[in-house]
Amino acid sequence: HGRKLSVQGFKEALYQFFHNGRYLRRELLGPVLKKLTELKAVLERQESYRFYSSSLLVIYGGKERPEVVLDSDAEDLEDLSEESADEFAGAYAYKPIGASSVDVRMIDFAHTTCRLYGEDTVVHEGQDAGYIFGLQSLIDIVTEISEESGE
């Protein structure tokens, strides 16, 4: 499906990914951009790696927690696990709005290669310009969504 999308269609698909059915989850865009930028910086320092047909996995916690006033000591909160904190959501806030978990991972490395890989007949030197270009394009599109949404 993704290969058939235009740039605008891809942007709309990303918008829908960050939309929860009622509104755009704007608080996720900044953390995703930060992770993408960090990944790009790491890849720009790599020599000879080529990530053919690999993918990016962008994930975030969908459960939103309401921000509530703490009516307990901070020491009491340290002992709460995530599960027990959910039980006391009305009394304890251990995770404010906007602190949703976000992660970006590279996956699908079946066709990855580098100069140290003995079975590859082609020696690759320098950065993986194609992967970096794709990352920058994704950064640009998420930035556009963020700016258009008033983030």
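## Basis of the model

Helices (DSSP runs of H or I, at least four residues) and strands (DSSP runs of E, at least two) are numbered from the N terminus. Leu138, for example, lies in helix α5.

The model is predicted, with local features needing pLDDT of at least 70 and side-chain atom pairs counting only at pLDDT 80 or more, while totals for chains, interfaces and linings use all residues. Residues are numbered from 1 along each chain as its sequence is written, and side-chain values use heavy atoms, with hydrogens and water left out.

## Overall layout

The protein has five helices and four strands, in the order α-α-β-β-α-α-β-β-α from the N terminus. Of its 151 residues, 29% are buried, where buried means under 20% relative accessible area with a 1.4 Å probe and protein chains only.

A contact means heavy atoms within 4.5 Å. Among contacts with a separation of 6 or more, 80% join residues 24 or more positions apart.

Helix α1 covers residues 7-17, and its buried residues are Gly9, Lys11 and Leu14. Part of their cover comes from α5 (129-148).

Leu138 of α5 has a relative accessible area of 12%, so Leu138 is buried. Leaving aside residues up to four places away in sequence, Leu138 touches Phe10, Leu14, Leu36 and Leu56. Phe10 is 128 residues from Leu138 along the chain, and their C-alpha atoms are separated by 9.6 Å.

## The largest pocket

A pocket is an open set of points on a 1 Å grid over the protein atoms alone, where a 1.4 Å probe fits, with protein on both sides within 12 Å along at least five of seven lines; lining residues have an atom within 4 Å of a point. The largest pocket holds about 930 Å³ of space, a volume being the space filled by probe spheres set on the points.

Its lining has 26 residues, and those nearest the centre are Phe10, Ser54, Ser55, Leu56 and Leu138. Two or more lining residues come from each of α1, α2 (29-44), β2 (55-60) and α5. Helix α5 gives the most, with eight residues.

Asp128 sits in the loop between β4 (111-113) and α5. Beyond residues up to four places away in sequence, Asp128 touches Tyr49, Arg50 and Phe51.

Definitions and conventions:
Buried < 20%, exposed > 50% of the residue type's maximum accessible area, 1.4 Å probe, protein only.
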